[in-house]
Amino acid sequence: MTNLLKEKVLIQGSDSFLGKSFANYLESKSLQVLRVCSANSNNYELESLERLIKENNPKFFFDYQFKLVSSKNSDYEIYDKHTFFNAQNNLISILNKTNENNKKVYLFSSRYVEDNKSTYSDLKLKQENIYKSLLNKNIFFEVFRLNTVLGIGDKNINRAIPHFFYSIFNFQKAVFESTGSQPANFSFIDDVNWFVYKKVFQSENVVLNNFSCTYFELIQYISNYIIENFDYEHSVEWAEGWKGTYKFNVSDEVTQNIHKTVNWYFENMEEIKLLNG
């Protein structure tokens, strides 16, 4: 087992939902975490990254950086495809020059990259392939293809759950551009952090907890819980006026985690109201 107190970890995309949460988790385990985001690295500038890595010599690199998470293909039109992966290309360039084979790089992707036909999925798959094709083969590399992650701290209103709360807090109505009928696999952020920590730092063959349902079923359960426990009136509209059959057969642990997540959003209502895309 690695002597964790001596290890330095670099987290790229440390201001994202997953990256920030994992950084906090590792710090709670007494690891030394170098948080890198666009704001503190001059937009992942090569010189800034290289200086940070040279001065601190981290062994573990976790890449959560991705410019935009959205199911809308049109949202990506504003980005230059030639610079979209600058953060990854710069990190790879630096690591390839170190000639050190004790570095370990972990990229976080989606389990749906090869199933869904969307700009997001295409870009995530391209991000994986950049590492696989350009990173020195002597450097350990692994991809974590995660389920859809939800839980406390998610403020990205391009994602379903933050969008729902932002909408009902501001307009008392949440409108979705899909029918919500597509089944999905979900994991809570706390379970993801535990899973990655066990796999990477303790080399344990653990299984990531998950549950399956449609987005319609998940949102409907949350909506009912809000009305019953917060007396907060609101409505939900799905594309084409779709209304599915509601069922939500999950474990008590899942419902408890959902309740904890809902409570967090209500505790932070004023902040959630002010979010923007």
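Before you start, note that the model is predicted, so local features need pLDDT of at least 70 and side-chain atom pairs count only at pLDDT 80 or more, while totals for chains, interfaces and linings use all residues. Residues are numbered from 1 along each chain as its sequence is written, and side-chain values use heavy atoms, leaving out hydrogens and water.

**The sheet.** Strands pair here if DSSP finds at least two bridges between them.

Now pick strand 1 (residues 8-12), which runs parallel to strand 2 and is joined to it by 5 bridges. Click Val9 to find its bridge partner in strand 2, Val33.

Move to strand 4 (residues 104-110) and strand 5 (residues 140-146), a parallel pair with 7 bridges. Ser110 has Leu146 in strand 5 as its bridge partner.

**The helices.** Next, show helix 3 (residues 86-98) and helix 4 (residues 119-134), helices being DSSP H or I runs of at least four residues; their axes come within 10 Å and cross at roughly 20°. Axes are lines fitted to C-alpha atoms, for helices over the stretch in contact, and angles run from 0 to 180 degrees between N-to-C directions. The two helices are therefore roughly parallel to each other (angles under 35 degrees). To see where they meet (heavy atoms within 4.5 Å), select residues including Leu91 and Ile92 in helix 3 and Ile130 and Tyr131 in helix 4.

Note on methods:
Parallel < 35°, antiparallel > 145°, perpendicular 65-115°, else oblique.
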